[in-house]
Amino acid sequence: MDTPAPYQAVLDEVAPRLRRLRAKRGLTLAALSEATGISKSTLSRLESGQRRPSLELLLPLAEVYQVPLDDLVGAPAVGDPRVRLTPRALPNGGTVVPLTRGPGPLQAYKMIINDRGTEPDLRTHEGYEWLYVLNGRLRIVLAEHDLVLGPGEAAEFDTRTPHWFSSADGRPVEILSLFGRQGERMHVRAKPRA
């Protein structure tokens with residue numbers, strides 16, 4: 001059975017990759033043979049490209065080298081689907097954790113907002129925000145409106161409206177926030193259309 005060209009190119013790179021790994025680790029063929037249980041001649045043929053790599057040969061090598069199997073075969077990079085939760089401190093107290101990656105029209109955040117005092121410092125900026133209180137009590141001032149939201153309550157507003165958030169009772173409040181940078185609005189349907 002003939003190997004398709006793209007796969008053959010990947011397989012052709014395994015031999016030099018194995019040679020580089022062994023040299024980098026400072027191992028002899030004899031030491032590698034002892035560690036993997038693979039004969040020196042088989043290892044030599046693998047590294048010279050005279051022996052076709054197989055899973056039963058690559059798995060013990062990956063274990064000894066302490067590298068993923070993908071590193072031995074040079075598997076193509078695949079996008080990481082995980083969202084890295086890297087918290088950032090908010091300038092006026094609290095923490096924000098981005099829940100989305102990349103430059104999409106809507107961004108999601110988990111925010112922990114501390115007590116910021118009783119005097120609102122109203123701000124405006126481009127965008128549109130939807131927020132949902134997970135835990136605690138959130139004081140939100142939107143222009144002339146001064147509201148307190150509890151767990152399970154939500155608010156949405158144009159961020160060009162002067163606004164300010166704080167904990168309503170001195171304890172940190174957790175919220176989920178969806179933010180559209182250029183006035184992007186979230187589309188909410190309360191019930192299916194008939």
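This is a predicted model: local features need pLDDT of at least 70, side-chain atom pairs count only at pLDDT 80 or more; totals for chains, interfaces and linings use all residues.
**Exercise 1. The lining of the largest cavity**

Task: Find which helices each supply at least two residues of the lining of the largest cavity, and which gives the most.

Solution. 
Step 1. On a 1 Å grid over the protein atoms alone, a cavity is a set of points where a 1.4 Å probe fits but cannot get out, and lining residues have an atom within 4 Å of a point. Helices (H or I, at least four residues) and strands (E, at least two) are DSSP runs, numbered from the N terminus.
Step 2. Name the elements. α4 (40-48) and α5 (55-65) each supply at least two lining residues. α4 gives the most, with three.
Step 3. List the residues. The lining consists of L18, L32, L43, L46, E47, L61 and Y65.
Step 4. Sort them by class. Ala, Val, Leu, Ile, Met, Phe, Trp, Tyr, Cys and Pro count as nonpolar, Asp, Glu, Lys and Arg as charged, and the others, Gly among them, as polar. The lining then has six nonpolar residues, no polar ones and one charged.
Step 5. Give the volume, which is the space filled by probe spheres set on the grid points, with points joined across faces, edges and corners. The largest cavity holds about 40 Å³, and the structure has one cavity of 30 Å³ or more.

**Exercise 2. Helix α5 and the residue after it**

Task: Which residues of α5 are buried, and what covers them?

Solution. 
Step 1. Apply the cut-offs: buried means under 20% relative accessible area, exposed over 50%, and partly exposed in between (1.4 Å probe, protein chains only). The buried residues of α5 are L57, L58, P60, L61, A62 and Y65.
Step 2. Look for the cover, using contact (heavy atoms within 4.5 Å). The cover includes α2 (14-25), α3 (29-36), α4 and α6 (69-73).
Step 3. Move to the end of the helix. Q66 follows α5 and lies in the loop between α5 and α6. Its phi is positive, near 55°, in a residue other than glycine. Most residues other than glycine have a negative phi. Q66 counts as exposed because its relative accessibility is 66%.
Step 4. A143, not a glycine, has a positive phi of about 55° and sits in the loop between β5 (138-142) and β6. A143 counts as partly exposed because its relative accessibility is 29%.

**Exercise 3. The nonpolar cores**

Task: Which residues have the most contacts inside the largest nonpolar core?

Solution. 
Step 1. Define the set. A nonpolar core is a set of buried Ala, Val, Leu, Ile, Met, Phe, Trp, Tyr and Cys residues joined through side-chain atoms within 4.5 Å.
Step 2. Read off the core. The largest has 17 residues, and L131, L138, I140 and I175 have the most contacts inside it. Two or more of its residues come from each of β3 (106-113), β4 (128-135), β5, β7 (154-158) and β9 (173-180).
Step 3. Follow one residue. Not counting residues up to four places away in sequence, I140 touches L131, H145, D146, L147, L149, A155, F157, W164 and F165.
Step 4. The protein has 194 residues, of which 31% are buried, and its secondary structure comes to six helices and nine strands.

Technical notes. Residues are numbered from 1 along each chain as its sequence is written. Side-chain values use heavy atoms; hydrogens and water are left out. On a 1 Å grid over the protein atoms alone, a cavity is a set of points where a 1.4 Å probe fits but cannot get out, and a pocket is an open set with protein on both sides within 12 Å along at least five of seven lines; lining residues have an atom within 4 Å of a point.
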